Amino acid sequence: MHELSICRSIVDIVDRHAAGREVRIVHLQVGALRQIVPDTLVYCWALMNADTPLASSELRVESIPGAIRCRPCDRRQSLAESVLICGNCGGQDVEIVAGEEFLITTLDLAEA
Ligand SMILES: [Zn+2]
């Protein structure tokens, strides 16, 4: 379960940025192509932080759907079925433009 090691690295980053302040909410964006299960991540977060200052914090995961862009015709479409073919011209010269995010967007901290 790689969610556990992911959680560990999120904890590291959060600890560094919070610098001792109480963390309320950690906002995380995860692309759908990352093969990370948001629910599992939230579960691991609670489990890992049970006896730490982060026990009262909440991990809020926003899932970003995958998207591709066709280079020749510039059409952007969602990557619903993992098909790397342009729906407009049928071309396969496409690039992934969304879905690979892994980003802590905001930390909600308690007032100092
Ligand atoms: Zn195209």
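Mentor: Helices (H or I, at least four residues) and strands (E, at least two) are DSSP runs, numbered from the N terminus. This is a predicted model: local features need pLDDT of at least 70, side-chain atom pairs count only at pLDDT 80 or more, and totals for chains, interfaces and linings use all residues. Residues are numbered from 1 along each chain as its sequence is written, and side-chain values use heavy atoms, with hydrogens and water left out.

Trainee: OK. Where does Gln35 sit?

Mentor: Gln35 is in the loop between S1 and helix H2 (38-48). Its phi is positive, about 55°, although Gln35 is not a glycine.

Trainee: And is Gln35 buried or exposed?

Mentor: Gln35 is exposed, at a relative accessible area of 67%. Buried means under 20% relative accessible area, exposed over 50%, and partly exposed in between (1.4 Å probe, protein chains only).

Trainee: What about the phi of Ala19?

Mentor: Ala19 has a positive phi of about 50°, and Ala19 is not a glycine either. Ala19 lies in the loop between helix H1 (3-18) and strand S1 (23-31), and counts as exposed at 59% relative accessibility.

Trainee: Why point those out?

Mentor: Because most residues other than glycine have a negative phi.

Trainee: Switching to the metal. Which residues hold the zinc ion?

Mentor: The protein donors are the SG atoms of Cys70, Cys73, Cys86 and Cys89, lying 2.3 Å from the zinc ion. Donors are N, O and S atoms within 2.8 Å of the metal (3.2 Å for Na, K and Ca); water is not among the atoms, so sites may look incomplete.

Trainee: What geometry does the site of the zinc ion have?

Mentor: The site is tetrahedral, with angles of 103 to 123° among the four donor atoms. Four donors count as tetrahedral if all angles lie between 85 and 135 degrees. The ideal angle for four tetrahedral donors is 109.5 degrees.

Trainee: How are the donors spaced along the chain?

Mentor: The spacing is C-x2-C-x12-C-x2-C. Cys73 lies in the loop between strand S3 (67-70) and strand S4 (76-78), and Cys86 in the loop between S4 and strand S5 (94-98), so this pair ties together parts that are 13 residues apart in sequence.

Trainee: How accessible is Cys86? And Cys73?

Mentor: Cys86 is buried, with a relative accessible area of 4%. Cys73 is partly exposed, at 29%.

Trainee: Now the strands. How do S3 and S4 pair?

Mentor: S3 and S4 pair in the antiparallel sense over three bridges; two strands pair if DSSP finds at least two bridges between them. Ala67 stands opposite Ser78 in S4. The hairpin of S3 and S4 has five residues between the strands, and there Asp74 takes a positive phi near 65°.

Trainee: And S3 with S5?

Mentor: That pairing is antiparallel too, over four bridges, and Arg69 stands opposite Glu95 in S5.

Trainee: Last topic, the whole chain. What is the order of its elements?

Mentor: From the N terminus on, the elements run α-β-α-β-β-β-β-β. The radius of gyration is 18 Å, well over the 13 Å that the globule rule gives for 112 residues, so the chain is more spread out than a compact globule. That radius is taken over C-alpha atoms, and the rule is 2.2 Å times the number of residues to the power 0.38.

Trainee: What does the C-alpha trace span?

Mentor: About 55 × 30 × 15 Å along its principal axes. Of the 112 residues, 31% count as buried.

Technical notes. Four donors count as tetrahedral if all angles lie between 85 and 135 degrees; four count as square planar and six as octahedral if opposite donors are over 155 degrees apart and all others between 65 and 115; anything else is irregular.
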